[in-house]
Amino acid sequence: MAERKVLVYTRFNRLWHWSQAASILVLLFTGLRIMGLHGILTFGLAVTIHSVVAVALMLLWVFTAFWLLTTGAWRQFAPRRAGLWQVARFYAWGVFRGEEHPYRKVLRRRHNPLQALAYLALKVLLFPAVLLSGIAYLGYGLWDDLDPSGWVIWAVANIHILTAFAIGSFVVAHVYLLTIGHGFREHVKPMLTGFETVDLTPEQEAYLTAEEPWRLKP
C-alpha cells in the first residue's frame, strides 16, 4: 500500500463536525447554568439559548443521519472486533511507552475499531437519549397530568443530566486523545483542511489519480 494525503473529509463532514462540537459546548455551558452551577447568564436567557441550540442540533442530526444512510458513509461507524483489543491496549498502556499506533488508516476505514465503537455508542445511544429526554422535559406541561407523583419527570430529568455528562466526558476524552501521538495540531488539521494521510491500495491510487486527482496532494 502507498501512503498518500487524500481528501477524506468533505465540506459537509467538516461543517457537521464543527457545528456539532460548538452546539454541544453551548448546550453544556447553558445546561450547567440551568442547574445553577454558574451565574454567568440569567436563567431565562440560558433556557432560551439551550432550547434554540438544541432544536438546531436536532435538525442537524436528522439531516446528517439521512446523509450517512444515503451515501453509505455510515459504514465508517460500523463496529468490528478485529484489532479492538490492540487499540484499547495502546491507549491504556502503549501510548505511555512510546509505542506506534497499531491501526493504520485506510480510505474506507478512517476510524480505528475503538473510535468506531465509541462514535456508534454516541450516535445510537447517547444522542437519542439526550434528545428524547430533552423533548420530554421541555414539553412537560403537555403531559404533566399523566405524572401526578412527579416520578416520571424526575427520571426524565436525571436521564437528561446523566446523558449530558456522559457526552461531556466524551468531549473531554476526545480532546485529550488529540494531544497524544502526533500532537494536537496534526490531529485537528485534517478536520480543517479535509486532507489526511491514509494507506491506498494500488487500485485506489490509480482510480483517484485518473478520476479524482483533486483529492490527492502531491
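**Domain contacts and salt bridges**

R89 is partly exposed, with a relative accessible area of 32%; partly exposed lies between buried, under 20% relative accessible area, and exposed, over 50% (1.4 Å probe, protein chains only). This is a predicted model, in which local features need pLDDT of at least 70 and side-chain atom pairs count only at pLDDT 80 or more, while totals for chains, interfaces and linings use all residues. Residues are numbered from 1 along each chain as its sequence is written, and side-chain values use heavy atoms, with hydrogens and water left out.

**Salt bridges around E99**

- The rule gives a count of eight salt bridges, each being a side-chain nitrogen of Lys or Arg within 4 Å of a carboxyl oxygen of Asp or Glu.
- In one of them R89 pairs with E99, and the closest N and O atoms are 3.0 Å apart.
- R89 is in helix α3 (84-92) and E99 in the loop between α3 and α4 (113-138), so this pair ties together parts 10 residues apart in sequence; helices are DSSP runs of H or I with at least four residues, strands are runs of E with at least two, and both are numbered from the N terminus.
- E99 also forms a salt bridge with R97, at 3.9 Å from N to O.
- E99 is partly exposed at 31% relative accessibility, and R97 is exposed at 57%.

**Salt bridge between D199 and R104**

- D199 and R104 meet through their side chains at 2.7 Å, N to O, in a salt bridge.
- This pair links distant parts of the chain, 95 residues apart: D199 is in strand β2 (residues 195-200) and R104 in the loop between α3 and α4.
- D199 is buried, with a relative accessible area of 8%, whereas R104 is partly exposed at 48%.

- Domain 1 covers 9-74 and domain 2 covers 86-181, with bounds from an automatic or database domain assignment.
- Contact (heavy atoms within 4.5 Å) involves 13 residues of domain 1 and 16 residues of domain 2.
- The two domains bury about 1,100 Å² between them, 77% of it on carbon and sulfur atoms; buried area is the accessible area (1.4 Å probe) that two parts lose on being put together, summed over both.
- Y9, L28 and W61 supply 39% of the area that domain 1 buries against domain 2, more than any other three residues.
- Between domain 1 and domain 2 the count is zero salt bridges.
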